[in-house]
Amino acid sequence: MKKFFISFLATLAGIWFSLLLAFFGFFIALGAAMAASIGTTTVKVKNHSVLEIDLSGEILDRPSKLDFMTIVNGVEKSSQVLSDITGSIVAAADDDRIDGIVINCKGASAGLAQRSAIIEALKNFKNKAPEKWIYAYGDTYTQGDYYIATASDSIFINPIGQVDIHGLSATTLYFHKLLEKIGVDVQVVKVGTYKSAVEPYILDNMSEPSREQQQLYLGNIWKTVASEIAESRGVDIANVNEWADNFIFTRATDEYPGLKVVDAITYRHEFDSRIASLTDHDKAKDIDFISTSDYAKVAETNKTGDGKGAEIAILYACGEITDEAGDGIVAADLVPEILDLADNDDIDALIMYVNSPGGSAFASEQIWEALEQFKKLTGKPFYVSMADYAASGGYYISCGADKIYAQPVTLTGSIGIFGLIPNAQRLLSDKLGVNTGTVKTNANGNFPSLMEPMTESQKAAMQTYVERGYELFTSRCAEGRGIPQDSIKKIGEGRVWDGNEALKLGLVDKLGSLQTAIADMAAALNVENYKISVYPDIKAKWYDQLIEAGIDFKASIIRDELGEMSSLYDTLEQIKGMSTLQARMDFTEIKL
């Protein structure tokens with residue numbers, strides 16, 4: 001017995017010692033990661049430098065928080081911030097030390113609107129500094145990278161490289177049969193014929209209204225992309241579609257110049273030698289490349305001129321809209337931020353950058369009202385710049401702006417509301433053998449319940465509730481856009497529109513990126529010199545980052561284990577965290 005206890009205690013000690021080592025190891029790794037993130041590096045821009053746009057890793061709207069799993073695994077997470085890229089391109093046009101730009105195409109992960117913003121910045125660079133050059137190089141061009149590369153003066157490719165052009169697609173997962181098998185019924189109440197966000201839980205295939213709207217906006221977005229490629233490459237749009245329809249990536253590389261897909265075929269060292277000669281260097285190794293992230297640190301991309309003419313606040317609203325918790329747009333955090341901006345006498349105008357498919361209808365209303373307070377209390381101009389998504393709740397929080405900007409590739413609208421109430425009675429009773437007994441004082445004492453279906457009166461009450469929410473939503477849109485509510489309802493119905501259609505319908509005012517919105521805001525303020533300030537502040541305290549890292553630990557492990565199926569886990573987590581009333585577009589990701 002004595003030996004048993006000694007062995008038992010030794011085992012416990014070993015476990016605790018291992019946990020202690022892991023604990024301290026995590027803190028050391030976390031400290032190192034944080035030190036790297038806040039460390040200062042001296043960046044010097046030399047004469048005849050080349051701005052290097054590295055299209056690899058993930059391009060983010062804002063810097064990301066620390067990822068627990070990457071720290072534990074010792075993996076360096078590659079990501080870039082969109083404003084660093086676009087801001088660097090803009091600044092480089094006026095910088096005599098920068099001779100030109102090289103775009104290295106390595107398969108970046110980015111949204112269509114992010115890519116469009118980079119293209120817009122590159123075009124402005126060429127217009128502002130026609131004496132400077134932009135060259136793109138790639139071993140293999142993904143369609144998204146090629147789209148950006150076409151904004152360059154010349155496209156170069158490896159002698160055995162490929163260019164992938166295939167068009168656009170969007171795939172929706174339908175869970176109805178799975179839910180049926182496990183004994184879960186999803187009860188839906190909604191307003192909007194095109195409100196397809198509920199379809200994956202009640203249908204096995206895409207409905208005709210959903211297919212109709214997706215075919216329209218995908219067609220319009222591809223027309224925009226293909227037209228820009230065709231114009232840049234000096235070919236007809238029919239040629240671009242021929243490339244897409246006939247597996248251009250399988251063609252021999254030496255055919256590409258004749259087809260005008262690329263300009264020249266060359267090995268990387270030959271390309272670098274060309275850049276060296278353009279920058280007064282004898283050898284390629286002497287080229288002074290500077291990354292957009294480094295250049296952004298010294299180029300003062302947050303201001304124009306001396307910056308003293310005005311201060312424009314950029315408020316980032318990215319992710320799903322929730323009431324009190326989440327990684328995206330949390331109303332409990334964003335509303336106070338907006339009201340603080342209303343009290344900030346230093347700022348002269350506000351632009352909200354929206355990249356959101358929507359979420360909680362209640363939270364959307366709170367954010368909308370806070371922005372109305374900003375306008376009422378300050379009288380300062382308020383614009384919205386839409387990115388990849390500004391739909392449903394994302395449009396709700398945008399509709400009160402004085403001016404709304406969208407990219408042609410933006411998905412917006414989706415003015416509609418729904419509610420999902422799962423009923424797991426068959427799962428419990430038929431599958432698990434669990435029955436329930438309920439005692440209540442009133443007919444609806446246990447409503448909503450996951451254990452039994454809604455009664456007819458409960459369904460009717462919920463439908464009324466949803467319709468009242470839709471009335472409020474459409475009235476907010478009508479008031480903000482100066483359009484009769486009946487007209488808003490006609491283009492509402494939960495229908496998703498691309499940026500071009502939204503402009504025709506009056507849902508947005510102008511096509512362009514955040515840079516366009518900023519330039520127009522400066523013009524409205526009648527200033528040539530201005531400063532950009534960014535909100536919310538992303539400099540979290542170390543212990544906040546530690547707490548968030550711990551919360552994400554379980555989810556990170558599950559996602560790593562699920563691999564490609566992690567999207568299913570994310571979807572289930574989204575459903576679990578949904579509030580009763582949702583102003584959300586369907587879970588659609590356009591594959592570029």
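This is a predicted model: local features need pLDDT of at least 70, side-chain atom pairs count only at pLDDT 80 or more; totals for chains, interfaces and linings use all residues.

Tutor: Residues are numbered from 1 along each chain as its sequence is written, and side-chain values use heavy atoms, with hydrogens and water left out.

Student: Why is C477 called buried?

Tutor: Buried means under 20% relative accessible area, exposed over 50%, and partly exposed in between (1.4 Å probe, protein chains only). C477 has 0% relative accessibility, so C477 counts as buried.

Student: What makes the count of disulfides what it is?

Tutor: A disulfide is a pair of cysteine sulfur atoms within 2.5 Å. By that rule the count is 0 disulfides. For C477, the nearest cysteine sulfur belongs to C399 and is 4.3 Å away, and C477 is in no disulfide.

Student: Why is D164 called partly exposed?

Tutor: The relative accessibility of D164 is 26%, so D164 counts as partly exposed.

Student: How do you know that a polar contact joins the side chains of D164 and H166?

Tutor: A polar contact is a pair of N or O atoms within 3.5 Å; within protein, one must be able to donate a hydrogen and the other to accept it, and residues adjacent in sequence count only if both atoms are side-chain atoms. The polar contact between the side chains of D164 and H166 is 3.1 Å.

Student: What makes S210 buried?

Tutor: S210 has 1% relative accessibility and therefore counts as buried.
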